[in-house]
Amino acid sequence: MGKELSEMSLEELWELFPVFLVPHNDKWNIFYKEMESFLKIALSECQVERISHIGSTAISGIWAKYRLIVDIRKTDLLIKFFMYTSAMLGIMMNCILEII
């Protein structure tokens with residue numbers, strides 16, 4: 001049996017869970033705006049307080065993990081989800097609507 005995660009060195013953890021960064025893509029903000037518009041409509045009856053683009057893809061000019069992180073805030077509830085491709089949107093919306 002292998003080591004517990006808490007017993008592993010940083011080098012061992014990086015090997016198990018590598019992080020890949022890509023150059024900034026100006027389209028990320030466009031993707032987020034499309035997602036935000038969709039979420040505002042889809043969650044219009046949920047009294048969402050704020051929808052935000054967070055994480056490294058929200059910062060222009062830096063290398064980032066290739067995913068958009070969307071933060072959805074509702075009173076006493078915080079939902080974050082990652083958007084890798086538009087194809088995953090339906091799956092994520094089903095999960096979000098079940099939570100709300």
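A residue counts as buried under 20% relative accessible area, as exposed over 50%, and as partly exposed in between. In this predicted model, Ser56 has a relative accessible area of 24% and is therefore partly exposed. Ser56 is placed in the loop between strand E2 (50–54) and strand E3 (64–65).

The surroundings of Ser56 may be considered next. Apart from neighbours within four places in sequence, Ser56 is in contact with Ile62, Trp63, Ala64 and Lys65. With Lys65 there is also a polar approach: a polar atom of the Ser56 side chain lies 3.4 Å from the backbone nitrogen of Lys65. Further along the chain, by 13 residues, is Ile69, whose C-alpha atom is separated from that of Ser56 by 8.5 Å.

Trp63, one of the residues in contact with Ser56, also belongs to a nonpolar surface patch of about 590 Å², together with Leu10, Trp14, Val19 and Leu21. Leu10 lies in helix H1. Its relative accessibility is 59%, so Leu10 counts as exposed.

The average pLDDT is 77, and 73% of the residues score at least 70. Helix H1 (residues 10–16) has the highest confidence, at 90, whereas helix H3 (residues 89–99) has the lowest, at a mean of 48. Over residues 84–88 the pLDDT is below 50, and this stretch has two contacts in the model beyond near neighbours in sequence. Residues 94–100 also have a pLDDT below 50, with 13 such contacts in the model. Where pLDDT is low, the predicted coordinates should not be read in detail.

Technical notes:
Residues are numbered from 1 along each chain as its sequence is written. This is a predicted model: local features need pLDDT of at least 70, side-chain atom pairs count only at pLDDT 80 or more; totals for chains, interfaces and linings use all residues. Side-chain values use heavy atoms; hydrogens and water are left out. Helices (H or I, at least four residues) and strands (E, at least two) are DSSP runs, numbered from the N terminus. Buried means under 20% relative accessible area, exposed over 50%, partly exposed in between (1.4 Å probe, protein chains only). Contact means heavy atoms within 4.5 Å. A polar contact is a pair of N or O atoms within 3.5 Å; within protein, one must be able to donate a hydrogen and the other to accept it, and residues adjacent in sequence count only if both atoms are side-chain atoms. pLDDT is the predictor's confidence in each residue, from 0 to 100. Patches are made of residues with over 30% relative accessible area and no salt bridge: like charges are joined within 9 Å, nonpolar side chains (Val, Leu, Ile, Met, Phe, Trp, Tyr) within 5 Å. Accessible areas come from the Shrake-Rupley method with a 1.4 Å probe; for residues, only the protein chains shown count as cover. A salt bridge is a side-chain nitrogen of Lys or Arg within 4 Å of a carboxyl oxygen of Asp or Glu.
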